[in-house]
Amino acid sequence: MTLRTRFAPSPTGYLHIGGARTALYSWLHARKHNGQFVLRIEDTDRERSTQASVDAIIEGMDWLGLDYDEGPIFQTERFDRYAEVIDQMLEQGTAYRCYCTRDELDAVREAQRANKEKPRYNGKCRDRKDTPEGLDSVIRFKNPLEGDVIIDDLIKGQIVINNRELDDLIIARTDGTPTYNFTVVVDDLDMEMTHIIRGDDHINNTPRQINMITALGKDVPKYAHAPMILGDDGKRLSKRHGAVGVMQYRDDGYFPQAVLNYLLRLGWSHEDQEIFSREEMIELFKIENVNGAASTFNTKKLIWVNEQYIKTLPVAEIAEHLQWHLDDQGLTIVEGDDFPTLHDVIEAHRDRAKTLKELAAGIRYYYQDFESYDENAAKKHFKTATPAILQNLLDKFSQIEDWNAQNIETEIKNTCEELELGMGKVGPALRVAVTGTAMSPSLEVTLDLIGKKRSLARLEKAVEFATAKYA
RNA sequence: GUCCCCAUCGUCUAGCGGUUAGGACACCGCCCUUUCACGGCGGUAACCGGGGUUCAAGUCCCCGUGGGGACGCCA
């Protein structure tokens, strides 16, 4: 039998970081065992499901590179099938109609709470024989009254729940539409899922689902409940509490692989390894090794992981991901006409950017002239001696025929010697003059990339500016 | 309140009866240095508490405590 897993989000918001992790685990488990991975959209709540959310989820999966072999499958397209199974259960007596009103139910729950009991359905209609006309009804699953349900969870180990803790859950609403726990069971069975990997907030649903599966006479799949991700405040990360959509991580400048890498290491490890390629993830991942405890999301670590990728990925790949940010920041790369190649610029900057967003922002001066100098930088590095220093550099640079790092460096040194100044006096001013900021790669590299034409022009401007400043 | 899950440095983790309790992020020093970074070296820092079991417990059991989750005609 082919191993099959699924990711089954409800389209009530974007794909957030917690969902992304369970999706990753499911995906990895399937890929590792040459199985199949299915994307199923659980949209039975028609009130809250939106097409925008469906799109966002698919976009997120796509960005992360979590490809699926089947899907997206929409539950709303399977209502006939659910109705069929409900009829079957009604017929075989494993489900029944319940005529209790919401008010009655609320009253029962309230009383139970007051009595310090776990609120649950009291089974009032469980053995009801009549079928009153004109009364609204829901359909409930007839859960066993006695005995234990045992979950052999791949992550948590054995979990035992007594059926007395469970109640008869509603499987079809008054309007006839099926509910979550039921559709999950039907789908997981129909779609021949062998492994159910999901968040551990579903542990409480599992025994009910197992009971339904058993009632339908089918084999129970394997379960793996992954722990939650907590925010800095120790609270569970959710859409309404601190969790941002995965696309936000693209916007913030992270590589999808870095996000995956971070998510994987959050709750799982392989010896002392921190960085995993996609292939290594698939090869080394074992669902049994996922930590059973919840873990706290740590942005600093994610940044560090991202840095590792920015430092080591092939330049072409970085450029690919960088393009979105260049567009976003309105920077057009025109190579040629004395402009540096993006390749060379990335190579020069990759070690000093934490994110693609930073990288994009930091390379603007190669392709665009700046209007003004960074205020602090100019204040700190443009002194009274600056015009003379810059003029000296300008004169020497003008003489360079072969504009390259080696020759540039030589001339900077010549200026230092001639003016009897240390690099510390010359360098910073030169940097501000040609980049407008106080930070850049080493000067000869920076100047080389900026090109002779623009370097000279900017020096001229800077001489003027600094002269005016001290006039 | 009831049920379920969980518990090693601030954070992510290794550990699967005998370890100087290891690694990573972060943090703090030092080195490198024309800026910002990178990098290198070093350092601070943890077994929630109490009972057992055992020659021996971070590792196994129980009880607390703490945190998380679930108790919907949401998923």
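**Figure 1. Salt bridge between D69 and R31 in the predicted model.** D69 and R31 form a salt bridge, with 3.2 Å between the closest N and O atoms; the term denotes a side-chain nitrogen of Lys or Arg within 4 Å of a carboxyl oxygen of Asp or Glu. D69 belongs to the loop between α2 (51–64) and β3 (70–74) and R31 to helix α1 (residues 17–32), so the pair ties together parts that are 38 residues apart in sequence. Helices (H or I, at least four residues) and strands (E, at least two) are DSSP runs, numbered from the N terminus. R31 counts as buried at 16% relative accessibility, whereas D69 is partly exposed at 41%. Buried means under 20% relative accessible area, exposed over 50%, and partly exposed in between (1.4 Å probe, protein chains only). This is a predicted model, in which local features need pLDDT of at least 70 and side-chain atom pairs count only at pLDDT 80 or more, while totals for chains, interfaces and linings use all residues. Residues are numbered from 1 along each chain as its sequence is written, chains are lettered from A and ligands numbered from 1 in the order in which they are written, and side-chain values use heavy atoms, with hydrogens and water left out.

**Figure 2. Salt bridge between R458 and D369.** The side chains of R458 and D369 meet at 2.8 Å, N to O. R458 is buried, at 4% relative accessibility, and D369 is exposed, at 51%.

Figure 3. K413 and E409 form a salt bridge whose closest N and O atoms are 3.4 Å apart. Both residues lie in α17, 4 residues apart, about one turn of the helix. K413 is partly exposed, with a relative accessible area of 46%, and E409 is partly exposed at 27%.

**Figure 4. Surroundings of helix α19.** Of the 8 residues of α19 (residues 443–450), 6 are buried, so the helix is largely enclosed by the rest of the structure. The buried residues are L443, E444, T446, L447, L449 and I450. Elements against which they pack include α16 (386–399), α18 (423–435) and α20 (452–470); contact means heavy atoms within 4.5 Å. G451, which follows α19, has a positive phi near 95 degrees.

**Figure 5. Network of salt bridges.** R6, R40, E42, R78, R81, E84, D187, D188 and D190 are linked in a network of salt bridges.
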